[in-house]
Amino acid sequence: MSDFQKNVDAISVSMYDVEKDITLDGGEMMTSKDLLAASLKATGKSQAEGARLIGCTPQWLSARLVRNSLRADEFLNLLDKLGIDVTLTVRETGQPVKERIKGAGRRVRKMVNRVIYDTEASNALSNNFWRDGVNEYTDGRAMELYIDSDGRYFFAEYTMDGAGDRITPASAEEAATFIAKHGTEIQKAPTE
């Protein structure tokens, strides 16, 4: 096992031990700042370049690292933008830990052709919210593409008032066309 893997393996233990003021029971003390510094060095990028990759200022990122207040999703997003893969695995089973990719729209759960589709239990792949950068909906409607745990694609179609929200199953070809047109970044409210 490489030193990097040992350090990553010890991160949760080290963080817990510091919070609880317990003697370390393995691994070296490593903060998110240390792990980011190693990742930046490996990719040949500066901290300022990393900050810009996630759309924030270098000062903001530096302050968050100093205060140790960088959220896990922000940290993982930064590593992703740097081209660093992080894999979490359940030791007993070897199964990867996967977080559901949340969409921007509200929950829609409907039965279509005797199949229950639920946006809260599926992964968002693409959407057309905020496409003009100003308005959440276009002509009062927006769509989000999902894939469920059985590999079925479907669209959650939203209306501004929510009364006309619906689910429409989609083929792989329809999903690919939607992704080609709208990309895979889940559009949420524009940042100010």
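Val97 sits in the loop that runs between helix H5 (72-82) and strand E1 (109-112). In this predicted model, Val97 has 48% relative accessibility and therefore counts as partly exposed.

**Nonpolar surface patch**
- Val97 belongs to a nonpolar patch on the surface, together with Leu76, Val86, Leu88 and Val90.
- The accessible area of these residues together is about 400 Å².

**Aromatic pairs around Phe129**
- Counting ring centres within 6.5 Å as a pair, the model has five aromatic pairs.
- Phe129 and Tyr137 are both buried.
- Phe129 also pairs with Tyr158: the ring centres are 5.4 Å apart with the planes at 45 degrees, so this pair is tilted.
- The Phe129 and Tyr158 pair links distant parts of the chain, 29 residues apart. Phe129 is in the loop between strand E3 (123-127) and strand E4 (141-147), while Tyr158 is in strand E5 (residues 153-159).

**How covered these rings are**
- Phe129 has a relative accessible area of 1%, so this residue is buried.
- Tyr158 counts as buried because its relative accessibility is 0%; the cut-off for buried is under 20%.

**A ring cluster**
- Tyr117, Tyr146 and Phe154 are linked into a cluster by ring pairs.

Methods
Residues numbered from 1 in each chain as written. Predicted model: local features only at pLDDT ≥ 70, side-chain atom pairs only at ≥ 80, totals over all residues. Heavy atoms only, no water. Patch = residues over 30% accessible without salt bridge, like charges linked within 9 Å, V, L, I, M, F, W, Y side chains within 5 Å. Areas by Shrake-Rupley, 256 points an atom, 1.4 Å probe, with all protein chains shown as cover. Salt bridge = Lys/Arg side-chain N within 4 Å of Asp/Glu carboxyl O. Helix = DSSP H or I, 4+ residues; strand = E, 2+ residues; numbered from the N terminus. Buried < 20%, exposed > 50% of the residue type's maximum accessible area, 1.4 Å probe, protein only. Phe/Tyr/Trp six-rings, centres within 6.5 Å; stacked < 30°, edge-to-face > 60°.
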